[in-house]
Amino acid sequence: MKKAIFALALVACVCTASFAHARNTAGNFTIGLGPVGNVYVVDSSPELDPGVGGYLYLDYRWSPQFSTQFGVVVTTQDGTGISNGDDGIEFLGIPTFDLKFYILSDPSRWDPYGLIGMGVYAITEGTAKNGTTAVGIGANLGIGCDFYITEKISVGMSGVFRSIGLIDSTGGANNGTSLFPFSIMGNVAYHF
């Protein structure tokens, strides 16, 4: 029995070492996509229900513990509260830019990280023609983790809080609004 346990431990060590070597040779670029769900932490104008959508990103890992990610986020929400009846509002992050810090310095199948960044955000007019359209800049702060299925393919999950200031008109004294979505994101990625 002890020999069998020793043999299994030896195989696990060899597989882990082989995976770490393969991961180091996979390349520094990543392209990925996945679903996004937004939950709005603070009600603002427009008030939005939780929405779903997707995102696409390109990541460059320029050191073992840092990478730079560029992405596009698109979700669809319906109005609620004071915005009830204003449906089909698109929330766009085009582009977003994040700096990721990877917590583990040794390669493994699990690769947790923290991120900080910013993006250009917009919301579009919904079904009610009431001036919902707005554009602005926001900050991103989040955490996530990727799991490597193979040395070139991973799946992951992240949570990103966004604080966004938007300009919704160029006239009048009250021409700004803000959004505070918490985005729950999944992804499938290819590393090359």
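Tutor: Start with a side-chain link: T68 and W62 are joined through their side chains by a polar contact of 2.8 Å. A polar contact is a pair of N or O atoms within 3.5 Å; within protein, one must be able to donate a hydrogen and the other to accept it, and residues adjacent in sequence count only if both atoms are side-chain atoms. Some ground rules come next. This is a predicted model, where local features need pLDDT of at least 70 and side-chain atom pairs count only at pLDDT 80 or more, while totals for chains, interfaces and linings use all residues. Residues are numbered from 1 along each chain as its sequence is written, and side-chain values use heavy atoms, with hydrogens and water left out.

Where does T68 sit? T68 belongs to strand β3, residues 66-77. Strands (E, at least two residues) are DSSP runs, numbered from the N terminus. T68 is buried, because its relative accessible area is 16%; buried means under 20%, with a 1.4 Å probe and protein chains only.

Now its neighbours. Leaving out residues up to four places away in sequence, T68 touches L58, D59, Y60, W62, F97, D98 and L99. Touching here is contact: heavy atoms within 4.5 Å.

F97 stands opposite M118 in β5. Ten bridges join β4 (residues 89-102) to β5 (residues 110-123), and the two run antiparallel. Strands pair if DSSP finds at least two bridges between them.

β4 has one more detail. P95 lies in this strand. A cis peptide bond joins I94 and P95, with omega about -10°. In general, most peptide bonds are trans.

D98 leads us to a cavity. The structure holds one cavity of 30 Å³ or more. The largest cavity has a volume of about 130 Å³. Of its 18 lining residues, Y55, Q69, D98, L115 and M185 are the closest to its centre. A cavity is a set of points, on a 1 Å grid over the protein atoms alone, where a 1.4 Å probe fits but cannot get out; lining residues have an atom within 4 Å of a point. Grid points are joined across faces, edges and corners, and the volume is the space filled by probe spheres set on the points. β3 gives the most to this lining, with four residues.

Technical notes: Buried < 20%, exposed > 50% of the residue type's maximum accessible area, 1.4 Å probe, protein only. 1 Å grid on protein atoms, 1.4 Å probe; cavity = no way out; pocket = protein on both sides within 12 Å on 5 of 7 lines; lining within 4 Å.
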